[in-house]
Amino acid sequence: MFGRILNKIDEEFLKSEPRKGELFAVSALFDTPDQIITSAEKVSGSGYRRFDVLTPYPMHGLDNAMRLRETKIGWVGLLAGMSGTTLAFLMIWWMVGIDYKNVIGGKPFFNIAPSIPIMFELTVLLSALTLVAFLIAVFNKLPSNANPLMATEFMKHVTSDKFGIYIEAKDPKFNQNEIKSLFSSLGASEVYDINEVSYDEGKTKNPILDFKFVGNLIGVGIVTAILSYFTLNYLLFLPPFNWMHHQAKVLPQSESKFFNDGFSMRKPVEGTVARGFIPYEFKGMHDSLVVETPNPLPVTKEILEKGKKNFDIYCSPCHGYYGKGDSRLRGQFPVPPTLHSEKVRSWKDANIYHVITNGQNVMPSYEKQISRDDRWAIIHYLRVLQRSQNAPDSDFEGK
Amino acid sequence: MDNIKKLPDSVNKKGGIMLILGVIILLVAFVFEPQRAFFDYLWIYMFLVSIGVGSLALVGLEYLVGATWSTPFRRITEILASITPVLIILVIPLFFGLHDLFHWTHHEVVESDKILQSKSPYLNVEFFSIRTAFCLLLWLVFFFFMTRNSQKQDLDGDVTYTKRNITLSTVFTPFFVITITVTAVDWMMSLEPHWFSTIYGVYYFAGTVVASFAATTIAAVLLKQGGYLDPRIKNDSFYSLGTMMFGFNVFWAYIGFSQYLLIWYADLPEETFWLIHRWEGSWKFVSIALLFVHFIIPFLVLVGRRAKTNIGLLKIMAPWMLFAHALDLYWLIFPTYFKEGAGFSWPELSFPLIVIGLTMILFKVLSDKKNLIPVKDPKLQAGLEFHL
């Protein structure tokens, strides 16, 4: 199929005969490497500038003979390489030092030693890729569609068994006859004129855009994708490692076969105290039975702020921000009494703690919602509220 | 080749004075601090092994890979390789110092040390001596036959000598790798008998090749500038010397870093202590200096293409690399002796004096007998025509 397509492309091209244009260059072929070196020396020495040498393999000494300026490509490589080093450094530093910190063998997250191989790799990678791209795009001025040298006898030889040189007609010193005699005096085995070529535009259309070609390409793509999907998922399919799936465990929504009662979740042993949950010893008892315990927390700014926060969250909806019983519930719940009453003010902290923990009549218990420390903090804050509403005159004397 | 100058007799005189001075310093050091003198001597010996055996390997390498660029310089490398037979004499005094150098030669220590006990089938004086003798003899044999073939070719230019040497070096190269590893492990790694590193041999080998290329380079540069070399040898030929020196230096850094990274990663106390010791006290500065002197500075200086054809620059960088190798060996050997921190004083001056003095005498004596380039080697013409 592909052969046919390629043939078709060839045909399209052949249909439009190239037309010979003006003289592009005069070229010569030489049989030995030594000859080409001396020729290059001679040509560059005679002041020609627009010329080039083509050899089947890279040759030492040619750039000197051609009097080429030193290429700048090394600097491109250096720059690209150094940016590779920097990039790798930053990448590793970011990944293991900041974004995804992982403790490995107790070592520091970021360390230069294990980053060096990666820095090295990226240096090489980036400089190599950049060099190739640069070489093609900038130094060789590719991609360009055609060059008069293509499809010439000259080109055939310099890519297999001969060494060639050509001088462009654009060279300011160009003189066809002079150059020809120069070449033959240097011992050229063959001298060619090379003409510009042009193709009739109308006849050629870009075969890449041919409907059949594109269609075939997409077709092949789809077939390959389907075939590889089936090959990988069915033909060559190996069951994945899934032993972990089959273990002696109770799946959700199913009965335990191990325990008689069928529950997989077991109840803790009677009297178990969960970590961090100290049971309240006066639970359900009458107020008068509460034994006084002092507030275990110190009065500090942080504690008071914590108390205020929790009071505002848990108590203020019913008791109001100032504890005056100015509920925000608009009568949907019995309005609690003020917390500034003589009674509550003279209560010990333990009594208030009892009310919060145990609840009182319609006020529910807040044992589950508020942690012990937070309850004590609320009490400290409540004392501050009370003092602020019932300040003795001495507070205003501004001592 | 008669129009080429011979080395003047003053080379012998100067070399002799340096050698004698070096030996005197070493003897005086032996009287005052015998242990230190033995460490100095081991340092000198290992450096000479580097240059001698390393050069022999380079000669073999040229035959093995069929290199032509190095043919004009091969005689110089061969003269450097002729340190190899001298090593057989040089090693003898070291055997009197085994007790001073190597911890594991002390019976009472081994008896109370589990690790040394289990290593004793390898680390015992008898086997150690057998190994050393085997290595030295092997080097001697290959040195003798390879240089003799090369020498004979100067008379008739017969290609069969080249072919014979190719066969010889094919056999020699694997043996070289084994013997140089054994030498490195025996004479240097066993200074810290508890410690081990499987890459140690390669590390020493890498340094050896750098040092041998550097020695060939500086000798070639000096001989060329003095007018003792065939004038047909052009600057372009030096390019490859610079390149090889540069390339193997990067290899050395690569191996050194590999060793470091693996030890760092595994973080096993039985491996790390060796590096930690070299990071304590003033040894830390030696370690950092080694990194810069042996790798970073030469890398930056030699990386450009033009640097390698610049004879003036090579004349600096080749001795620089030799110094770097000496520093490397110092870093490998001396922490066992200078436990508290690096030390350098007059006994260590014997090192440059003996090494340079001995090499000068060898050059004078041998260049009187031989041509300084292999005049009839079939590859010589291609080597001389080498250009960039």
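Reader: What's the strand order in the open sheet of chain A?
Author: The order is 2-3-1-4, four strands with antiparallel pairing. Keep in mind that this is a predicted model.

Reader: Which are the edge strands?
Author: Strand 2 (51-54) and strand 4 (190-198) of chain A. Each of them pairs on one side only.

Reader: And the twist, what does it average?
Author: It averages 30° from one strand to the next.

Reader: How many bridges link strand 1 and strand 3 of chain A?
Author: Six bridges, in the antiparallel sense. Strand 1 covers residues 19-30 and strand 3 covers residues 163-168. To pick out one pair, A:Ala25 has A:Glu168 of strand 3 as its bridge partner.

Reader: Which strands does helix 2 of chain A touch?
Author: Helix 2 (residues 33-45) packs on the sheet and touches strand 1, strand 2 and strand 3 of chain A. Its direction makes about 15° with that of strand 3.

Reader: What about helix 7 of chain A?
Author: Helix 7 (residues 176-185) packs on the sheet too. This helix touches strand 1, strand 3 and strand 4 of chain A. Its direction makes about 25° with that of strand 1.

Reader: Switching to chain B. What should helix 1 span?
Author: Helix 1 of chain B has 23 residues (10-32), so at 1.5 Å a residue it should span 33 Å. Its end C-alpha atoms are 33 Å apart, which agrees.

Reader: Which residues of helix 1 of chain B are buried?
Author: B:Val11, B:Gly15, B:Gly16, B:Gly22, B:Ile25, B:Leu26 and B:Ala29.

Reader: What covers them?
Author: The cover includes helix 2 (34-65) and helix 15 (350-369) of chain B.

Reader: New topic. How do helix 11 and helix 14 of chain B cross?
Author: Their axes come within 11 Å and cross at roughly 30°. Angles under 35 degrees count as roughly parallel, so helix 11 of chain B is roughly parallel to helix 14 of chain B. The crossing is left-handed.

Reader: Which residues make the contact?
Author: From helix 11 of chain B, they include B:Phe238, B:Met245 and B:Trp252. From helix 14 of chain B, B:Leu314, B:Met317 and B:Asp328 are among them.

Reader: Last one, B:Ser212. Buried or exposed?
Author: Buried, because its relative accessibility is 0%. B:Ser212 lies in helix 10 (residues 200-226) of chain B.

Reader: What does B:Ser212 touch?
Author: Leaving out residues up to four places away in sequence, B:Ser212 touches B:Ser50, B:Ile51, B:Gly54, B:Ser55 and B:Leu58. B:Ser50 is 162 residues apart from B:Ser212 along the chain, yet their C-alpha atoms are separated by 6.9 Å.

Methods: Residues are numbered from 1 along each chain as its sequence is written. Chains are lettered from A and ligands numbered from 1 in the order in which they are written. This is a predicted model: local features need pLDDT of at least 70, side-chain atom pairs count only at pLDDT 80 or more; totals for chains, interfaces and linings use all residues. Side-chain values use heavy atoms; hydrogens and water are left out. Two strands pair if DSSP finds at least two bridges between them. Helices (H or I, at least four residues) and strands (E, at least two) are DSSP runs, numbered from the N terminus. Axes are lines fitted to C-alpha atoms, for helices over the stretch in contact, and angles run from 0 to 180 degrees between N-to-C directions. Contact means heavy atoms within 4.5 Å. The expected span of a helix is 1.5 Å times one less than its number of residues. Buried means under 20% relative accessible area, exposed over 50%, partly exposed in between (1.4 Å probe, protein chains only). Angles under 35 degrees count as roughly parallel, over 145 as roughly antiparallel, 65 to 115 as roughly perpendicular and the rest as oblique. A crossing is left-handed if the near helix is turned anticlockwise from the far one by less than a right angle, and right-handed if clockwise.
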